[in-house]
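Notebook open, one chain to go through.

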Amino acid sequence: MPLASESREETQVFADTIFTIPQWFFLSFFIFQTVCSLFLELISFHFLVRHLPRRVLDDLPRTQTGFEPQISILVPAYNEEQTIADSVRSLLQLQYAEFEIVVINDGSKDRTLDVLIEEFELVPFPEAYPANLQTERIRAVYLSKRNSKVRVIDKDNGGKADALNVGINLSRNPLFCTLDSDSILQRDSLQRVVQPFLDDPSTVASGGTVRIANGCQVHAGYLTAVGLPASWLGRFQVVEYVLAFWIGRLGWNPFNAMLIISGAFGLFRKDTVVRVGGYAKGCHGEDMELIVRLHRHLRLQGERYRISFVPHAFCWSEAPENLRSLKSQRIRWQRGLSEALLMNKQMLFHPRAGTVGWLSMPFMVLFEWLSPAVLVAGYLYAAVGCLMGLVSPASMVALLAAEIGMGILVSVSVLLVDEIAFHTYPEFKQARTLCAAAILQNLGFRQLNACWRLIGLWQSMTGAKVSWGSITRTAAWRASGAERP
């Protein structure tokens, strides 16, 4: 009997040890993720403090010299009849010496092309152009009789990457800026985002900050009032965007290890992008994949280059405010992340990969690519283990409290630093609402988002082909009565 009793005790000890190991794994993962995020946040804040004096000078009125690099603004559009005219009008009011606007109608099925023809008096304008990048067929090229800066390209549908490659082929200037058709740039955003190219001739790309436009007011192409979305779903996304640009962009900027420039607002050196093959067709995250590929080509070839982030260059873009559209977007983003990392996996721990291959890519793999699986597994482990009596209720509560608490810590601290640095939302009640959103988004929304991202991760691993549908846009933040340029 004593032997049997000892055997049962040993078995129980072994079982307790087996089920304790996952608890320590999940807890260690969450703590390590929080520490890394806070470290990047501190780096971001230190970087901004050093550059605050320059920001004050940047806010002073500028006299353009006329020697600024010429820029082609590429605006891919698919079924954007509600917003495309206002977007082009707003671009025509940018404070910049020399630029052109190239709208690429990617086989829209609505009245996108008709709206452009009517609003800007477009006429056919046949022209020769280099086919540096292979694309779908171009149907026609139009030039505006009202403003010669505006050109419109009508093409067969091929996706956003293909539309951007068409724009690159037909652009006339050495730099091109990508912009979503539902976005609004602040008038000085081009002046700010081009600055890295002036400071360092080796710069090949720079990106600005994207903020949520829902709840803001835009009239005649101007952002006239900054506001917050009416729905909590929109407010949660405001917090997400702030976190993404502080930790995912600005934190890596001093190391020249930033892995993504948002497709909503980025500036690129055209010849370098053409040299690496342009945007990857069929990729769900063509913006990130291009940046990682630029790092891979230039680092592994030993070329000196710089990819920069300009936090004070603002772009305002509409975010989905219904669960169906948001789910579709997040699954697509996760698939794009998977493709960008897998298509450039040779960069990971490559001897010549530098900070990209040894710091930012491992961070992205652990805390962006694999983290949805770890987070969902952690919650399932806690719930199932507690129901089966393998995990004590106290242990489950401690694990969940630690994960949620650390998420709240990162969210609130980043919002605080953002408020100190930018003071984007001027009213106290807006800051109070955002603080509440930073807390509440950790109590369900972030976990739901992890489930969506896990679906995207699974689809990318299995090669599943899905139809993405479309994101519903209301354009409610745009005021009517915009004047014609």
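Predicted model: local features only at pLDDT ≥ 70, side-chain atom pairs only at ≥ 80, totals over all residues.

**Entry: overall make-up**

I get 14 helices and 12 strands in the chain. The chain has 485 residues, and 55% of them count as buried. I also looked at contacts between residues at least 6 apart in sequence: 81% of these join residues at least 24 apart.

**Entry: the core**

Which residues touch the most other members of the largest nonpolar core? I find Ile71, Ile73 and Phe268, in a core of 134 residues. Helix 7 gives the most to this core, with 11 residues. As background, nonpolar side chains in soluble globular proteins tend to be buried together.

**Entry: helix 7 against helix 13**

I listed who makes the contact. Helix 7 brings Val239, Val242, Leu243, Trp246 and Ile247. From helix 13 come Val410, Ser411, Val414, Leu415, Val417, Asp418 and Ala421. Sorted by class, that contact has 10 nonpolar residues, one polar and one charged.

**Entry: helix 7 against helix 14**

Next I checked helix 14, residues 428-462: its axis and that of helix 7 come within 8 Å and cross at roughly 95 degrees. These two helices are therefore roughly perpendicular to each other as well.

On the helix 7 side I noted Trp232, Leu233, Arg235, Phe236, Val238, Val239, Glu240 and Leu243. They meet Thr433, Leu434, Ala436, Ala437, Ala438, Leu440, Gln441, Phe445 and Asn449 of helix 14. By class I have 12 nonpolar, three polar and two charged residues here. Val239 and Leu243 turn up in the contact with helix 13 and again in the contact with helix 14.

**Entry: helix 4**

Is helix 4 mostly covered or mostly open? Mostly covered: 10 of its 11 residues, 160-170, are buried. Among the buried ones are Asp162, Asn165 and Asn169, along with Leu164, Val166 and Ile168.

**Entry: cysteines**

I searched the whole structure for disulfides and found zero. Cys36 is buried, with a relative accessible area of 17%. Cys283 is buried too, at 10%.

**Entry: positive phi**

Which way does phi go at Glu121, positive or negative? Positive, about 50 degrees, although Glu121 is not a glycine. I place Glu121 in the loop between helix 3 (112-120) and strand 3 (122-124). Its relative accessible area is 35%, so Glu121 is partly exposed.

His423 also has a positive phi, near 50 degrees, and is likewise a residue other than glycine. His423 sits in the loop between helix 13 and helix 14. At 43% relative accessibility, His423 counts as partly exposed.

Where is Gly263? I find it in the loop between helix 7 and strand 11 (265-269). Gly263 counts as buried, at 9% relative accessibility. Asp180 is 83 residues from Gly263 in sequence, yet the C-alpha atoms are 7.0 Å apart. Leaving aside neighbours within four places in sequence, Gly263 is in contact with Lys160, Thr178, Leu179, Asp180 and Asp287.

Thr272 lies in helix 8, residues 270-275. Is Thr272 buried or exposed? Buried, with a relative accessible area of 6%. Not counting residues up to four places away in sequence, Thr272 touches Val204, Leu294 and Leu298.

Last, Trp24, which I found in helix 1, residues 2-58. Trp24 is exposed, with a relative accessible area of 55%.

Methods
Residues numbered from 1 in each chain as written. Heavy atoms only, no water. Contact = heavy atoms within 4.5 Å. Helix = DSSP H or I, 4+ residues; strand = E, 2+ residues; numbered from the N terminus. Nonpolar A, V, L, I, M, F, W, Y, C, P; charged D, E, K, R; others polar. Disulfide = S-S within 2.5 Å. Buried < 20%, exposed > 50% of the residue type's maximum accessible area, 1.4 Å probe, protein only. Core = buried A, V, L, I, M, F, W, Y, C linked by side-chain atoms within 4.5 Å. Axes fitted to C-alpha atoms, helices over the stretch in contact; angles between N-to-C directions. Parallel < 35°, antiparallel > 145°, perpendicular 65-115°, else oblique.
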